[in-house]
Amino acid sequence: MSTSRATSRPSAGEPGFPAWLAEQSDDALVRMCTLRPDVATPAPASLEVLASRLRLPASTARAMGTLSWPELLVLATAAALGADSGAVPLSAVAERLGVGSNKSKKNRKDDDTAPFPTAVARLRDLALIWGEEDGARLVPVTASAIAAAPVVAPHPGEPAGTSLEEAWAGLSVPASGVLEAIARGRSPVGALGSGASESVRAAAAELAAAGLAEITTGGDAGASGPSGRGPAGDRAGSGPGEVVIPRAHALDRARHGARPATASAATASGTASASASATIGATSGPSLLDLPAWADPVDGRTGKAAKNADASGGVAALDLLHHCDSVLAALSTIPLTTLKAGGVGVRELRRVARAAQLEESELPLLLEILAAAGLIAVGDTEVGDIAYDSVWAPTEAADIWSAREPARRWAELVLAWWSMPRAPWRVGAELEGGGTVPALGDPVGPPPAAERARVLGALARLDPAAEPGDTLLPEVVRWFSPVWFSRAGGSPVTETVSEARRLGLVVVTTATSAARMLVDGSPAATTAGAPGAAPTVEELEPVLAAALPDPVSEVIVQADLTILAPGPLVPELAAEFALLADVESAGAATTYRVTESSLRRALDAGRTASGVRDLLTRTSVTPVPQSLDYLVEDVARRHGRLRVGTALSFVRCDDPSLVAQVLGSPAAEKCALRMVAPTVLISQARPLDLVEALREDGYAPVVEDTSGAVVALSRPVARVHASSPGRAPRIPARAPGPADLRAAVAAMRSADRVRAARTGAGGPGGAGGYTGEAAIARLHEAASTGTAVTVSVVDAQGRSTARLIVPASVGGGRVEGIEPDTAEAVTLPLHRVISVADVDPTR
């Protein structure tokens, strides 16, 4: 595959990456360390150390993980043009991407906000692109990372715009199906293994003939990968064998559909001249960096769409709160039993789902949110006389939470979901060692908080009136987080959005105002210079309160013994109707059903029949049905005719006079003795307390069991289980703030000035060479470019020697390479390397 990459090496007078870094302003360095915090912790000792950290493979991979698709595409195009070998003009990169000819269009946005300069500016802030303002250079580590990235750089002359649509229209159904299957995958590479059918191979050949894809050998070291650099087999993951790599514009067409056509002076059709088709910039059609059509607002209803989404999210929140109340009520009666290995089994989930009248699939999310909010916890508890060990049950905080306003309750659940360490959608998934993921068990898989931030962050960057739909939802997230999507796939996207919909944070594919606040972070923390911190409950509550429907104070009483509330009731009425009736369905409108048991519940709480009738008459906009009047009267007439009480102990004696004497003793008042028969007294005191009180008054009682046999009681003694001190919790390191970073930049510049004063004009890589982290980074660069370096090592006796080698690999605690003079393989332990020096190119 032709890559048209430059082969020139930088001239001797061209400044290197550390020198370019030193020329940056303090603001640029602070911004760089903010975007790449791993290079700033701990604070670098000098700018040379910072430069070496920026060129480490792990740090480069983290930085590339934050790129959007346009930024990754610009970086891949610069790499394809040879930016790691020398400076590449930005105009050449823009022309290859098809944005060069569009810069003069009057309807184009200002250059500072257009996709290409915006992407270049952020890549410079991340130090993934460096050099002069009108050029782009890449360090070798970045070029190596791009070769393995899930991106396809444009090639000269590939179909785009009108020519792309013409080629697309001529494809057969199998060919377009193969192209779309590759495009929807995690990596833009399709492997033609030995099991590929003849129809698939024919479809791949048709794509190659149409110029929409390239077929190359995965194991061929000279073949090009999807980014136009490096072995394609590295990406396909299939080893030797043929792979299909779509062209950049064809890949974009398969993922996002046809882009709107734009006027152009030339076309890239088969009849176009060679000069016209030599560059993609001469083709018709919009740039690959522009947002696809799914990001366009529908009918321009941005403001109205945002309000509608917030209102629909509020309705979903009411349903969420009702379901949480149902789960808490069910767990208050019979807690969840835990498994020996941790978590909750399927049988327990089914039981609680039936008790809470929920679908079993709904329960994992509710349980995980309640646990993350501290509303349920695992421990030992008692329900009446039944003791439970190691069960999940509501905490005391659940009672406080249930009494709060709906917006406050919703805010606490949302923040708990946003940061909780487990992913409920993984419950039931197969584990590698056998079994399935249990609810409320140990976290499994990648950190779900980061997944939520990426998915909701992508939706929050869309216009509220955009409607990409569920089918294109993975492509929306891929556009803003392509590297992460290539690892995670589409399942975390769809499942996270499903959870967010149930929490009222996403409506269809529109992020609500609350979701956007979660993504943007706390306004107060951002103002204080600490962006990214989650908002507090107090900050989120007003946003959620505005989304909830207005409370109502009127209901509709119907003849089928149901009561319809056309919105959330005011707190006073909500409490009354929670006693009077059972919730049958919740949401924008709540349906209550009056039953005998619900009426008995209200009467048990002290309500009267006349009070119930007065409440219904006062709040109903319709006359109270006669059937409901009859039901209230009938239940009230039978209520309380039988009385049930409690007694912890009793006193019996065959002599009524002795019983009367005990009733008049001081023990009777102390233990609240009450006569229920001439020979029987009952008490609320425990049996042992009653016996001791009677003995103090001179009586000689004994304790008997249910069969009448005498038993001896003794006071229980306290015992505790000695617990060994656990490991101290790990305290995460505090991320440096802007003031810390400015101080670190000032310290680095000061250290460089002191070093320059001591060493004179000798630059990095000279006589002193590279040391510490800079030496490791230089070895990585030399291994990437195949250049020779002089490595100074110290042996066990403290003697230092210098070896001239061409590094091949650096890792696993050693550097492996070849000595160029003898072609002998050399392996040096990294911990014995004291410095690395560049070799005179004339040698």
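Residues are classed by relative accessible area, with buried meaning under 20%, exposed over 50% and partly exposed in between (1.4 Å probe, protein chains only). The model is predicted, and local features were taken only at pLDDT of at least 70 and side-chain atom pairs only at pLDDT 80 or more, whereas totals for chains, interfaces and linings use all residues. Residues are numbered from 1 along each chain as its sequence is written, and side-chain values use heavy atoms, with hydrogens and water left out.

A search of the whole structure finds 36 salt bridges, a salt bridge being a side-chain nitrogen of Lys or Arg within 4 Å of a carboxyl oxygen of Asp or Glu. One of them joins the side chains of E781 and R55, with an N to O distance of 2.6 Å. This pair links distant parts of the chain, 726 residues apart: E781 belongs to helix α34 (residues 772-785) and R55 to the loop between α3 and α4 (57-64). Helices (H or I, at least four residues) and strands (E, at least two) are DSSP runs, numbered from the N terminus. Both partners are buried, E781 with a relative accessible area of 10% and R55 with 5%.

A salt bridge is also formed by E475 and R478, whose closest N and O atoms are 2.9 Å apart. The two residues are separated by about one helical turn because they lie three residues apart in helix α20 (residues 473-480). E475 counts as buried at 2% relative accessibility, and R478 is buried at 3%. In a further salt bridge, the side chains of E704 and R652 meet at 2.9 Å, N to O. Here too distant parts of the chain are linked, with E704 in strand β18 (residues 703-704) and R652 in strand β15 (residues 649-652), 52 residues apart. E704 is partly exposed, with 25% relative accessibility. R404, R408, E412, E538 and E541 are linked in a network of salt bridges.

E23, E132, E133 and D134 form a negative surface patch. Patches are made of residues with over 30% relative accessible area and no salt bridge, like charges being joined within 9 Å and nonpolar side chains (Val, Leu, Ile, Met, Phe, Trp, Tyr) within 5 Å. Lys and Arg count as positive and Asp and Glu as negative, while His and the chain ends are not counted. A127 has a positive phi near 65 degrees, in a residue other than glycine. Helix α7 includes P115, which is partly exposed at 23%. The C-alpha atoms of P115 and D290 are 6.5 Å apart in space, although the residues are 175 apart in sequence.

Strands were taken to pair if DSSP finds at least two bridges between them. An open sheet of three strands has the order β6-β8-β7, with antiparallel pairing. β6 (336-337) and β7 (376-383) each have a single partner strand and stand at the edges, so one side of each is left without a neighbour in the sheet. Seven bridges connect β7 with strand β8 (residues 386-394), and T381 stands opposite Y388 in β8.

Strand β21 (residues 800-811) pairs with strand β22 (residues 814-819) in the antiparallel sense over five bridges, with G811 opposite R814 in β22. These strands form a hairpin with two residues between them, and G812 in the turn has a positive phi of about 65 degrees. β22 also pairs with strand β23 (residues 824-829), in the antiparallel sense and over six bridges. V815 stands opposite L828 in β23. Four residues separate the strands in the hairpin of β22 and β23, where A823 takes a positive phi near 60 degrees.

Further backbone features were found elsewhere. T41 and P42 are joined by a cis peptide bond, with omega about -5 degrees; P42 lies in the loop between α2 (26-35) and α3 (47-54). A672, in the loop between α31 (666-670) and β16 (674-677), has a positive phi near 55 degrees and is partly exposed at 45%.

Notes
Areas by Shrake-Rupley, 256 points an atom, 1.4 Å probe, with all protein chains shown as cover. Charge placed at Lys NZ, Arg CZ, Asp CG, Glu CD.
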